[in-house]
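Please keep the sequence and the structure in view while reading.

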Amino acid sequence: MNKTFAYVFLGVMAFLLAGIAGYNFTGAPDTAARKDIANRATSITVVPKPSESNTSLPTRSTQTEEVVASQSDSLSLKTWRIDEINDSPTACFTFDQSLDPAARVALSDFIKTSPETALTITLANVDLCLSGFDYDADVDVTFKAGLSAANGLSLPEDMTRTVSFGDKPAYVGFAGDGVILPRVNAQGLALETINVTELSVKIARVSDRMLARRKIDSGKQTLEGDYSWEYSDAATDIRSKIWEGIVPLKSVRNERVTTVLPLRDLIGELEPGAYVVTAERVHDEDETRVARAWRWIVSTDIALSSYRGADALHVGVRSIDTAKLLPKTRLTLVAENNEILAEKRTDRSGRAAFDAAVMRGAGPLRPKMLMAYGEKGDFAALDLSRSPIDISAFDVGGRDAAEKVDSFSYTERGVYRPGETVHFTSLLRDTTGMAVTNRAVTLEVRRPNGLVMAEQRISVDAIAASAGAVQFDYIVPTSAARGMWAIVTKSDG
């Protein structure tokens, strides 16, 4: 019995010792083994830094240019494409070498077209673009031998490519850029299309009380093949659809056709408010980028004219049909946050005025929209945030009209280092150009992130003594952040 127990005990101990030894060798390597594995893993993944002797090797872009130059000792044409975004198509040819912009005039001697075409040549690095062609035409374009690149390489022989211009891309747009549609004697809304036979049209209304949260503008046209979006510009979140349908069109191939959309016949009497009209080419479900356009409109017989002076905003209301001034028209001045700032009614001469105090609101209380409600149910809106006169098409400039206090501010130079002193001067003038001496001034120094770094109060006595001039010296902190700093002049009142 004792011998049997001893054999069993020895067998169990041998099994346990074997298991422990196996764990040491297979499951948990000792410290030396772990260090060896780590060293071998590190030697595989770490890439030694290049020595200083390797820093003179050319970069990848330089090597690429050298390989290209070594593979070809002449200029060659790689590919070409057609751009169809304008009224006339453009053919762009890509060469393997950059062409010389200084030789643009001489290039015409190396380009021949059949049939012959008066070309306009545009160069952009390796691209040479030709315009002046007509749609629905096949043109042979020949580049003659000797056409040179900027590096002196040239075409070894004539190269001819046949370019086929198809039809003009489909186009949908609105005639003109106005948003007012006369209610009386107007045939409807004019649409312009190219190579479109059917339009999907949607008309949505935006309540007059929501207009202050949007900008009434001329909308947007999207070319065939481009992405389009409306979002908040077209009031997609606050408008309500009142009509949708398919409008057939008369189409003349590659010609611009104008079609009048009779809004009153489609939706009847228009309620007060503005409308967003969306028109797009009828298409299959798998087509996503089609020609389309949208436009704000206000159908009304009310025309608003405004003149803003130092004393008030003066408003005149007339009939579009008769041009007569309209009395008893209710006017509502609405702020950015849709709050009603003031209400007036036009007098017997069709005029009204809003005091200057209510026009000086800032932030959410800034005047945004002027609404007009006629006695016959007419409605009109004047966006006060829009430019009063669109001069973007003219090469003119200028500055805004002066308010009650106008300032001309300057420093002795424009760039400063930390620790240097800024010498600031501001001249205060009124609307007639005379010095303003009866108002105190607060100067704010603002960091590049807009935070106020320092303030300086200039008393009325100091301004009167200097005849409306403000002088201020500011030492730039040694820890000043880089960027555009600003000094803001604030006049009391």
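Searching the whole structure turns up seven aromatic pairs. Rings of Phe, Tyr and Trp (its six-membered ring) count as a pair if their centres lie within 6.5 Å; planes under 30 degrees apart are stacked, over 60 edge-to-face, and the rest tilted. Y373 is buried at a relative accessible area of 15%, and F379 is buried at 3%. Here buried means under 20% relative accessible area, exposed over 50% and partly exposed in between, with a 1.4 Å probe and protein chains only.

F408 and Y410 make another pair: the ring centres are 5.6 Å apart and the planes stand at 45 degrees, so this pair is tilted. F408 counts as exposed, with 54% relative accessibility, while Y410 counts as partly exposed, with 39%. Ring pairs also link W80, F93, F95 and F143 into a cluster.

The model is predicted; local features need pLDDT of at least 70 and side-chain atom pairs count only at pLDDT 80 or more, whereas totals for chains, interfaces and linings use all residues. Residues are numbered from 1 along each chain as its sequence is written, and side-chain values use heavy atoms, with hydrogens and water left out.

Charges also sit over rings, a term that requires NZ of Lys or CZ of Arg within 6 Å of the ring centre and within 35 degrees of the ring normal. R330 lies over the face of Y373, 4.2 Å from the ring centre. The charged end of R289 sits over the ring of Y227, at 4.5 Å from its centre.

R330 leads on to a pair of strands. Strand β19 (residues 330-335) runs antiparallel to strand β20 (residues 340-345), and five bridges join them. Helices (H or I, at least four residues) and strands (E, at least two) are DSSP runs numbered from the N terminus, and two strands pair if DSSP finds at least two bridges between them. R330 stands opposite R345 in β20. The two strands form a hairpin with four residues between them, and N338 in the turn has a positive phi of about 75 degrees.

A335 lies 8.4 Å from G361, C-alpha to C-alpha, although the two are 26 residues apart in sequence. G361 is in the loop between α6 (356-359) and β22 (367-373), and is partly exposed with a relative accessible area of 25%. Leaving aside residues up to four places away in sequence, G361 touches R366 and P367, where contact means heavy atoms within 4.5 Å.

Strand β25 (residues 421-429) is joined to β28 by seven bridges and runs antiparallel to β28. L427 has A469 in β28 as its bridge partner.

For the protein chain as a whole, there are seven helices and 29 strands. Of its 493 residues, 31% are buried. Among contacts with a separation of 6 or more, 65% are between residues 24 or more positions apart.
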